[in-house]
Structures are given as structure tokens and as C-alpha cells.
Amino acid sequence: MRIKNMAKLFLIITGALALSGCGASAGGARVPESETPPSQMSESDRGTTAAHEKGRDGAEIQENNNFTTPDDADSQHLGGTANDTYVTTHGALHVSNGQLVDKDNSPVQLYGMSTHGLAWFPQYVNYNAFRTLRDDWNTNCVRLAMYTAEYGGYCTGGDREELKRLVKNGVEYATDLGMYVIIDWHILSDQDPNVYKEDALAFFEEMSAEYADHDNVIYEICNEPNGYATWDSVKAYAGEVIPVIRANDSDAVILVGSPTWSQDIDKAAADSLNFDNILYTLHFYAGTHKDDLRSRLESCAENGLPVFVSEFGMCDASGNGANDFDSATQWMELLDCYSISYMCWNLANKDESSSVFLSGNEKVSDWTAEDLSEAGNWIREHFRSK
């Protein structure tokens, strides 16, 4: 059982932890990004109308579903982990003075990979895949993306028990490896998280009861509000879901998305939630989102908003197109400057720029450079350089 660090509630972070400028601060009002009307929404344009990542066409999804999920025998790897894993070193995390900090109130930066949709690419939820990400890629966190409304989604006819089994297997593997893990309620085409709020309440009640004694589990309660979703509607949803989690785990770290595909963190900064241990998610795709969104992030960070980049890519906002590694490098420098955590999209072999594996590559662990896409090789080298 986790021993809660109650003393942290009374500690004051010294000035050394205060945010300091990492360059020119954003000045003046930002230019708002255009928002596509709901009738034109595909998946995520995050500033475009191209369908990203999610494998909407049934043929492709069904082809990926030919992969079998790891059976229960995979959980019998046992064999132990080192005593000095990232989780054993840093323990239960919390948010203080706008930063994610560890059990000793030292700033912590999580970084790693997000899965693609668990219903479509279940083969990557296995112990050796996460071990490879930890030991070869030098990552300390994994994100489990469970779609709610897409084909095979949790709320639209998907196999709920199998999806929950994949989530629980993923948490088990990450825990055994001493990694942090994000359980992501991956709303997208449902746009407003209130559409399946009752399902979310039941899901997070079950998950938080299951993992209340885990130091390493983080809850992401709404991936990318978009379309007609407003900050008021997201805030109302969060106001119901967060207490359900906190009833089981009083100091759980919780990630909350913002409108316009988790870009409008300035709206959260202007009217933040009245809960502790909350981080607001920002998503970016380096080929599309550049100085304007970077300035928005910098301004919010300078003003003490706790931010977590729970999804990003090096390509454009469609999840495809050319990678812009110059822009990605600027993003990485900014995130590192403010010790902001970040998760790269996506752990899959889908034929698109954002996937880190080459299309057709069927290896599910121990990847070499020859197995990786252009984006995969770039982000692997970035992680290994940290």
C-alpha cells in the first residue's frame, strides 16, 4: 500500500522551484486559431480538417484487429525490477506552484510514448514493449489511449471488458517496470466529454478503486474536447468526474483537456478548476503548431499554470504529412525549460507520419533503427539524449 505523503500539503516550495523565463515571454494578445464547425469535424484537425491517426475506415481497423492481445501468460514475466526505478526514486507525484513534483517536492518531468487506440493496436501493450521503451528509449512513462466514440470505442459498441483488460495489463506492466502510466479516456468525435459522462464516471470509479494504492497511475479524464465543447462544459464535466476519482484516491494526479483539441489552455488559466493536483493538457503537432501556440504555452507557464503535454507529434496536425524537426526541436527546448512533461503520439505501425514504426513492421518489442519510421528514429534519439 502507498504511504501518502500528507506533509506535502503543508510544504511551501522555495523560490528555486518558481518558474523563470526561458526566453522572450509572449507579448500581446494571441491570434485565435480557427475552429472548424462541428459538421466538418473529422477526428482532429487541431487547426486542419484532415483525419488524423485514428483509423476511421473499418477495413484498416479490422486488419489491425487481426493481431491478438497479449494473453494472461504475458503477465507472468515476474523476474523483478531494479530497486532504483523512476517510480521508486520519485514516488507519488503531486502538483505544487504550477509544477509536477515528486515525493521530495523536487520537479519531475515525465516523457514517453502514447499508444494508439487500444482496440486497434493491442499488440503493443506487452511487457517487453514497455521494457524496450524504458531501457532502450530511456522513457519513464507510457500513455494508454482508450477511445470512447470511434469504431470499437468503449462507448460505441467496443468490447468493454477486453478494453479494460488491456488498460489493466498496461498498468501492470508499467508498474512492474517502475514506470508512470496514464489512463487516457480518449474522447474525440464525441467532442464534448459530457456526451458519455455517465460511462466516464463508472469507468474512473472502477479504475481509481483498483489503483488507489499505486504511486504511478495518472488519470486523463478527457483527451481532446473539440467542436462545440466549451471550457464551461469541460469544467462542469471535470467537476463531476474528479470527485469520483478522489473518493478512492484523495491525491491522485489528474489531467484535464481544454477546448480546440487541448490547445486552449489560456481558457483554463483564466478560470481554473478548484482542485489540487490538476494539470491542464496541451497538444501540439510541430508541423502545424508553431510560434503562436508556443507563446501561449510560455505565457501560461510563466503565470503558474500546471501544464502536461499528453500528446504531440513531429508532423502536421492531421497526423500525417512532412515532419518538421526544426519546429519539434523548438518545442522540446521550451518543454525542457519549464520541466513540462510530454508524451509522443503514437506507438503503432499505421501508415502515417506520426506512427513510430514502419508500416508492415510487426515487431512488438526490441526495435532497432531499421524498424522505425523517420519520426520514430527522431523521437527515440531525443529520448535517449535526455
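**View 1. Helices H10 and H11 cross with a right-handed sense.** The model is predicted. Helix H10 spans residues 325–337, and helix H11 covers 374–385. The two pack at an angle of about 30 degrees. Their axes lie 12 Å apart. Angles under 35 degrees count as roughly parallel, and H10 and H11 are therefore roughly parallel to each other.

**View 2. Side by side: the residues where H10 meets H11.** H10 contributes Phe325, Ala328, Thr329, Met332 and Asp336. H11 contributes Glu374, Ala375, Trp378 and His382. By class, the residues of this contact divide into five nonpolar, two polar and two charged. Among the charged residues are Asp336 of H10 and Glu374 of H11. Thr329 and His382 count as polar.

**View 3. Asp366 has a positive phi in the loop between E10 and H11.** Phi of Asp366 is near 50 degrees. The residue is not a glycine. The loop that holds Asp366 runs between strand E10 and helix H11. Is Asp366 buried, partly exposed or exposed? With a relative accessibility of 40%, Asp366 counts as partly exposed.

**View 4. A cis peptide bond joins Trp345 and Asn346.** Omega of this bond is about 15 degrees. Asn346 belongs to strand E10. That strand covers residues 342–347.

View 5. Gln191 sits in the loop between strand E5 and helix H5. Strand E5 spans 180–186, and helix H5 spans 197–210.

**View 6. Helix H4 and the elements packed against its buried residues.** H4 runs over residues 160–176 and has 17 residues. From its first C-alpha to its last, H4 reaches 24 Å. This is close to the 24 Å expected at 1.5 Å a residue. Its buried residues are Leu163, Lys164, Leu166, Val167, Asn169, Gly170, Val171, Tyr173 and Ala174. Which elements do the buried residues of H4 pack against? The helices are H3 (127–135) and H5. The strands are E4 (141–147), E5 and E6 (217–220).

Key
Residues numbered from 1 in each chain as written. Predicted model: local features only at pLDDT ≥ 70, side-chain atom pairs only at ≥ 80, totals over all residues. Heavy atoms only, no water. Helix = DSSP H or I, 4+ residues; strand = E, 2+ residues; numbered from the N terminus. Buried < 20%, exposed > 50% of the residue type's maximum accessible area, 1.4 Å probe, protein only. Axes fitted to C-alpha atoms, helices over the stretch in contact; angles between N-to-C directions. Parallel < 35°, antiparallel > 145°, perpendicular 65-115°, else oblique. Left-handed = near helix turned anticlockwise from the far one by under 90°. Contact = heavy atoms within 4.5 Å. Expected span 1.5 Å × (residues − 1).
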